[in-house]
Amino acid sequence: MDHSETGTDRTSGGYPFADIESKWQKRWGEMELFKALDDPKNPYYVLVMFAYPSGDIHMGHFRNYIVGDAIARWKMMQGYDVLHPFGWDAFGLPAENAAIKHKLHPKDWTLSNIRLSRDTLRKVGISFDWSREVTSCLPDYYKWTQWMFVKLFEKGLAYRKKASVNWCEQCNTVLANEQVDAEGKCLRCDSQVTKRKLEQWFFKITDYAERLLEGLDHVPGWISSVGTMQRNWIGKSTGCRIDFTVAETGEKLPIFTTRPDTVYGVTFMAIAPEAEIVERLPIPEEMKALVDDYIEKSLQKSEIDRITDTSDKDGVFTGCYAVNPFSGEKIQLWIADYVLASYGTGAVMAVPAHDQRDFEFAMKYNIPIKVVIHPKDSTLKSEDLEAAYTEYGVMVNSGHFDGQEGSAAIDAVTKYAEQQGIGGAEINYKLRDWLISRQRYWGCPIPIVYCESCGIVAEKIENLPVLLPEVENYIAKGRSPLEDVPEYINTTCPNCGKPAKRDADTMDTFVCSSWYLFRYTDVTNDKEPFDPIKAARWLPVDIYIGGTYEHATGHLLYFRFFTKFLKDIGYLNIDEPVVRLVNHGMVADSKGRPLSKSHGIIIEPMEIIERKGVDVSRLAMYFAAPSGKDVLWSEEGIVGVERFAAKLFRLVEESPKQPDKAQLDKRYSRQEIGDNAWDIYIKLNQTIRKVTEDIDKLQFNTCIAAVMEFLNDFASLKPSDQPEFYQFCLEKLTQLMAPMTPHLSEELWEMFGHNNTIFRSKWPEYDPEAVTADLITIVVQVNGKVRDNINVSARIQKNDLIAQAKASEKASKFLDNKKIIKEIVVPGKLVNFVVK
């Protein structure tokens, strides 16, 4: 390509990005550069979260995908056989709601958006292996989602029961606990979630609670906050089960407590409004209306409103009583909304003297308060209490347990309960089974039929997929629209062949996304979801990139559950699906609003790319912030990187070329190239080390800054002085930039006379002798406190030093969301940021 005569798009200084980008995207396709091997020798699996196709990709997607792309290309240059696939999370509420809004059928809307987004991604030049593309709403994929359901059903891990469930009135469907935010609102539409009792399908994820918890100790490459969120969500507690009984019926009313030493202080029982046992209580006729009214009102409240410490605790007496198995006392049975059916057994023993919630409740309703724990050095009287005494202490008023204290008291009561057959030691988890039924049309059909003779029957594997029928009236009605499709509902029993009915609900879309990473390893298999041998060649995923925090207790928990289950049935040989989990920050518009299709806040990347080019747009996004930090997108950030790209292009274009002269594995010495070139050589190797280290941390902003800084020093070297060394430096620099500016780097590489793609060249390695020759250690302080030590060139300029200090991973945590008042630089020693 003769760049001197082209009249095509050029950035500042004459960089013809449009011709270059189309040229190399075509070349990559022709050489199948990104097509993964079936039998890799040195595998590396790069995975980005697949997309909801509810419209074209926006800048938030663009950021996610260029991060994965840079890592994939970098690993190619390190000699790995890379798998970098992509697909579409095409079922579910986002696509269906968008289709309803645009008055289109979900299938038409979804597939249209997939075509649009795929075309955009191809124009962006992301290194996806499109031969492994998956689309979860197509039968060749959801056949195997149904297979997963059947296998779980066969193992007793998929079951149906009537339960109190989260209901979103706006979405007209059930939500899993993980799809309700901390304020009790739907994560999809932000409307208030209420409760309903419905027959629903669940996956028994609780059977895997301990393994899911234990597995977090074996994923050191995960973001620690995600592990913490999952630990808290699983919520393991060690305590005691105590079997109270309903006085009128003798039915057991088990409770879980971590404080069995207070059992003699129970003065009432509190039951969750949605607890199953409520329906079996012999509530006196004169109390029924009052109780029913209270339950109905309670279920309209969000869980956060019910359990928050600041909310008013209320309840209703049922007219029934329970019997304390330790004291034999009869105590009142209340229904109270501060108790949740989702924790423990849905009932609690209330000890007002030693639990603050129970204390407030008892004071409000004039329920007796009984002290059964004294501090070691004092005594308590119930009439003197202004708040519950919740510390450990000495048991009193507790029969033969009087005098026991602390953990010994807890152990003694627990052991006695076990000996007497009224309870015993127990481990409890907050984690509830995964509710997967959805009363919506656009989802994977549940492969279950209901037969009067055989009961609940799973469809035979050979009959899968159960196809989702194309219907005109797909709007949610508070029940599944599929109920109104007789040709779908009416079927025959797979066991006996008699008339039967299909389940009308569809599956939560999180089921589809719980196994897609495995399908990528064997995407054309029509005999099974994937060949275990092929999967073993690639798994586990080496790096998984996406918005992790919003998925921490949803998708990122569910796909771990599926991994362990598939291992149990012989399809996987791994315990955890992902080695390294990384988060990309949000992208916000100029007003600070996070980009969101559902909220209409969108910045389309293609409009910018068409004006500035793919690689400049990539550079602007990389340079805006480290990958884990949020980005406030502004086109003002394009100016500097645009000039940088053009400068690099001109340097190579105008430099004398010596094909085969630059020996890229060569190590230089001062004697060979002289003092000035030796200084450049030192800086080059420091840059190679910096970029290599920071690209692994996904800190592309500091990678770019390091190359910019090198170019400033490189300006002192003239091509005529050291032509071979001059080209050596520029070729190394081109390789360093290749993961971030793939099209530009390919073009520059070809200018140097290389016939093969730059991504088959060897990633630069720094010369250890040169790297340490000119380094000094600088202390980085924030408000006078040492936050990091960084190694920099002894000749670093002040502005570059400040930039590197700000980019320090340790120090930057103390600069985030702070205003820098002053920057103090003591040359050769320290940088101190004064912030407020």
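Reply: In this predicted model, the count comes to two cavities of 30 Å³ or more. The largest cavity has a volume of about 110 Å³, and of the 13 residues that line it, those closest to its centre are G92, L93, R438, M507 and T509. Two elements, α3 (93-101) and β23 (506-507), each give two or more residues to the lining of this largest cavity. When the lining of the largest cavity is sorted by class, there are three nonpolar, five polar and five charged residues.

The second largest cavity has a volume of about 40 Å³, and the residues lining it are R63, I66, V67, M621, Y622, A625, S627 and F700. Here the elements that supply two or more lining residues are α2 (59-77) and α18 (614-624), and α2 gives the most to the lining of the second largest cavity, with three residues. Sorted by class, the lining of this second largest cavity has six nonpolar residues, together with one polar and one charged residue.

To set the linings side by side, the largest cavity has five charged and three nonpolar residues in its lining, whereas the second largest cavity has one charged and six nonpolar residues in its lining.

Notes:
Residues numbered from 1 in each chain as written. Predicted model: local features only at pLDDT ≥ 70, side-chain atom pairs only at ≥ 80, totals over all residues. Heavy atoms only, no water. 1 Å grid on protein atoms, 1.4 Å probe; cavity = no way out; pocket = protein on both sides within 12 Å on 5 of 7 lines; lining within 4 Å. Points joined across faces, edges and corners; volume = space filled by probe spheres on them. Helix = DSSP H or I, 4+ residues; strand = E, 2+ residues; numbered from the N terminus. Nonpolar A, V, L, I, M, F, W, Y, C, P; charged D, E, K, R; others polar.
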